[in-house]
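Subject: Structure for you to look at, with notes

Dear colleague,

I am passing on the structure below, together with some notes on what came out of going through it. Please read them with the coordinates open beside you.

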Amino acid sequence: MSLSGQPGSSPFTVADNRGTPRLRVPARCVPQARKTLMTSPKTVLITGTSSGIGLAAAIGTARAGWATIATMRDTGKAEALLKAAAEADVADRIQVKRLDVTDSTGITACLDEVVAEHGRLDALVNNAGAAQVGTIEQSSVDDVRAALEVNFFGVVAATRAALPHLRASKGRVITVSSVGGVVGQPFNEAYCAAKFAVEGFMQSLAPVAATVGVDVTVIEPGAVASEFVANLGLDVPTLLAAAGPYGPALEAYITRTRQSFANAQTPAEAAAPIVDALTAARPPFRIQTSQWARDFVATTLADLDGSAVQTLTGTWVR
C-alpha cells in the first residue's frame, strides 16, 4: 500500500493538448505544463483525486485558476480525472502526482517536490479516505487501526508536513470530514471514530494555526453519489449471512442507507464549498455541503445529553 513518492521517481499523468492521457515515468512534468503551472499565482495540493469529491475539487480549483496538484495512491486510476480536466479545458492547470497518505516519508518528499517546482504551497485539501462498515464484535482491532490510519493519521501526517509551507504563504488547510465526524452512525464505528478524531484535531489546531496566518476549515458532506461507497466492494448477502445476532439491525441499516444515497449530492455539489473555502476572505471553521447536512449536524450540536442523536440513529436499525 505504501508508495515511495521520492522526488524525481514518482510518475505522474498529464494530458496533451488534445486531452489525451499520457503517463511519463520518470518525470516531473512536461515542459508546457511546467511553464503554465510555475506562473500560476497559487498552488493547492489535493489528496484522493481519482474519483468523487477529490476529482471534482481538482476540477473546481483548476477552473478557479489554481495550479492544482492532484494526488492519488494509484496514478493508474487518473484517467477519469484527466478526461474531466480535458473536457473542462483545465488540463494545463492540473498535475497528477502519486501520494499515499499512509507513507509519511512520501508525503514530505511530495510536498518538497511541489514547492521546488512551483515555488510555494498555498493550500492543502485533505480528501483521501476509506469507508469501513462493520460493528466491533465482528471486526478486528486491526480493521479499526487500518481505518484510522487512512482517515485520521493520513490527515495528521499531510497537515504536519504542509504547515511549514503554509506558514510561509499564509495559506489554508481544508479537510473533508463528514457528517459522520459529528454524528456517530451505526455500523460505522471505525469510520466515525476516525472522522470524530479529525474534527477534534482540526478544531484544536485552528486557533493555533491562526496565530501564524494559516486558516483551518473542515467540510462536512452528507451522502454523495460517488465511488466511495462502491469501492468498499461489499457483498451484502454474505455480509448479512455473517452478521449473526446483528443481522436484522444491519439489514435495516443497509436498506435505510440505500434510500439515503438515492437522493445524494453529486460530487461537484459537495466539492463546491471546498473552492469557496479556498477563496473566501475568512472561511468558517465548519462548512456543511447541503441543507440536509446542516440540519443533520445541528441535531448533535444542540444535543447536550445525546438523547436526540440516539433517538434518531436508533430508528435506522429497527
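Contact here means heavy atoms within 4.5 Å, and helices (H or I, at least four residues) and strands (E, at least two) are DSSP runs, numbered from the N terminus. Please keep in mind that this is a predicted model, in which local features need pLDDT of at least 70 and side-chain atom pairs count only at pLDDT 80 or more, while totals for chains, interfaces and linings use all residues. Residues are numbered from 1 along each chain as its sequence is written, and side-chain values use heavy atoms, with hydrogens and water left out.

As for the chain overall, it has 12 helices and 9 strands. Of its 318 residues, 53% count as buried, where buried means under 20% relative accessible area, exposed means over 50%, and partly exposed lies in between (1.4 Å probe, protein chains only). Among the contacts between residues at least 6 apart in sequence, 73% join residues at least 24 apart.

Helix H11 (residues 291-301) has Ala293, Phe296 and Val297 as buried residues. These cover an arc of only 95 degrees around the axis, which puts them on the same side of H11; the arc is that of the directions from the helix axis to the C-beta atoms. An α-helix has 3.6 residues a turn, so residues three or four places apart point the same way. The cover over the buried residues of H11 includes strand E8 (215-220), strand E9 (286-288) and helix H12 (307-314).

The next item is a helix pair. Helix H2 (residues 52-63) packs against helix H10 (residues 267-279) at an angle of about 50 degrees, and their axes are 8 Å apart. Axes are lines fitted to C-alpha atoms, for helices over the stretch in contact, and angles run from 0 to 180 degrees between N-to-C directions. H2 and H10 are therefore oblique to each other, given that angles under 35 degrees count as roughly parallel, over 145 as roughly antiparallel, 65 to 115 as roughly perpendicular and the rest as oblique. On the H2 side, Gly52, Ile53, Ala56, Ala57, Gly60 and Thr61 meet residues of H10 that include Pro267, Ala271, Ile274 and Leu278. By class, this contact of H2 with H10 has 10 nonpolar, 3 polar and no charged residues (Ala, Val, Leu, Ile, Met, Phe, Trp, Tyr, Cys and Pro count as nonpolar, Asp, Glu, Lys and Arg as charged, and the others, Gly among them, as polar).

Some single residues also deserve a look. Thr71, in strand E4 (residues 67-72), is buried, with a relative accessible area of 0%, and, leaving aside residues up to four places away in sequence, Thr71 touches several residues, including Leu45, Thr47, Lys97 and Cys110.

The loop between strand E7 (172-176) and helix H6 (189-210) contains Asn188, which counts as buried at 9% relative accessibility. Asn188 and Gln132 are 56 residues apart in sequence, yet 6.4 Å apart in space, C-alpha to C-alpha. Phe187 is found in the loop between E7 and H6 too, and counts as buried at 7% relative accessibility; its phi is near 60 degrees, a positive value in a residue other than glycine. Asp89 likewise has a positive phi, of about 60 degrees, although it is not a glycine, but Asp89 is exposed, with a relative accessible area of 64%, in the loop between helix H3 (79-87) and strand E5 (94-98).
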